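Please open the structure in a viewer and keep the selection tool at hand. The stops below are meant to be followed in order.

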Number of protein chains: 2
Amino acid sequence: MYKNAAYLKKYFLAHREVTKELVEKIDREHYGYQPTSTSMTAEQLVVHMLTAFHQFVSTAAGKNPENLHEDTENVSLNELAERYTQADVRLIESLDESALDETIDLTEMIGKKVPAWKVIEMAVDHEINHKGNLFVYVREMGYNQLPMFVK
Amino acid sequence: MYKNAAYLKKYFLAHREVTKELVEKIDREHYGYQPTSTSMTAEQLVVHMLTAFHQFVSTAAGKNPENLHEDTENVSLNELAERYTQADVRLIESLDESALDETIDLTEMIGKKVPAWKVIEMAVDHEINHKGNLFVYVREMGYNQLPMFVK
């Protein structure tokens, strides 16, 4: 199998490292920035990316997602990105060949059952989509030297 | 092998169909829309998505990309999306198991050689990234009922 944990970890980090570079550019005064009144704010978007990925990967590993921050905690988006990324890497590393082939029931979320490796691919696709949103947000914050979409 | 042409075609179209839905919302008067002065215009972004995917998939199939439109032709982005999507589906369908395992030299583009199936995955990731940009553009054009990022 060419879709092993090492491959998936590298694939995830090739995108997450770029997410983290974009997040580093978002100053606290821009956390509430939204391109339109119906858009997520920059902070909501980043928290959604981090928690959704963690939820997908926890589900793939048959675990309950951890809550890695309290609403009352005044933690930066950079710190949150660091915490979630570390937890997600540990989860992916825990998946051996048979765990990756395990069928995961996503009936409630997407109406079907898929193998665990596919859940992780879907999680990365979700990250890429919202990172694509974030590129526009960050450019609108005044940055025009932005990284490639994948490392 | 679970990564066969049927799987990759379905994976591609699950995203391209959403791209096409977004493109349908872009009126001609918005073709020149750009979120910032350093951004691609909506038209440039869509043409980049279509031609880059076609280039990736042609390379994966060991063929030269076709030029499916002339600069002088007054063709709509919808029509272009249709043309490129049809050509790309034919290319993906042409790839049998051994063609998908063929090593493709992307040294000039990304500094390495990868199997053909991986070139197609990278092409879809590139599409997802820029579709993520396009979601923000289209919302900024005044639409707030937008599709899910994948079908």
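This is a predicted model: local features need pLDDT of at least 70, side-chain atom pairs count only at pLDDT 80 or more; totals for chains, interfaces and linings use all residues.

**First stop: a buried leucine.** Select Leu134(A), which lies in helix H6 (residues 116–140) of chain A. Leu134(A) counts as buried because its relative accessibility is 0%. Display its surroundings next: setting aside residues up to four places away in sequence, Leu134(A) is in contact with Leu22(A), Val23(A), Ile26(A), Leu45(A), Val46(A) and Met49(A).

Select Arg16(A) and Glu127(A), which form a salt bridge with their closest N and O atoms 2.8 Å apart. This pair joins distant parts of the chain, since Arg16(A) belongs to helix H1 (residues 5–24) and Glu127(A) to helix H6, 111 residues apart. Both Arg16(A) and Glu127(A) are buried.

Proceed to Glu21(A) and Lys151(A), whose side chains form a salt bridge at 2.5 Å, N to O. Here helix H1 is linked to the segment after H6, across 130 residues. Glu21(A) is partly exposed at 27% relative accessibility, whereas Lys151(A) is exposed at 60%.

Select Glu17(B) and Lys20(B), a salt bridge with a closest N and O separation of 3.9 Å. The two residues are about one helical turn apart because 3 residues separate them in helix H1 (residues 5–24) of chain B.

**Last stop: a charged patch.** Which residues gather in a patch of negative charge on the surface? Select Asp96(A), Glu97(A), Asp101(A) and Glu102(A) to display it. Glu102(A) sits in the loop between helix H4 (97–101) and strand E1 (103–106).

Note on methods:
Residues are numbered from 1 along each chain as its sequence is written. Chains are lettered from A and ligands numbered from 1 in the order in which they are written. Side-chain values use heavy atoms; hydrogens and water are left out. Helices (H or I, at least four residues) and strands (E, at least two) are DSSP runs, numbered from the N terminus. Buried means under 20% relative accessible area, exposed over 50%, partly exposed in between (1.4 Å probe, protein chains only). Contact means heavy atoms within 4.5 Å. Patches are made of residues with over 30% relative accessible area and no salt bridge: like charges are joined within 9 Å, nonpolar side chains (Val, Leu, Ile, Met, Phe, Trp, Tyr) within 5 Å. Accessible areas come from the Shrake-Rupley method with a 1.4 Å probe; for residues, only the protein chains shown count as cover. A salt bridge is a side-chain nitrogen of Lys or Arg within 4 Å of a carboxyl oxygen of Asp or Glu. Lys and Arg count as positive and Asp and Glu as negative; His and the chain ends are not counted. The place of a charge is taken as NZ of Lys, CZ of Arg, CG of Asp or CD of Glu.
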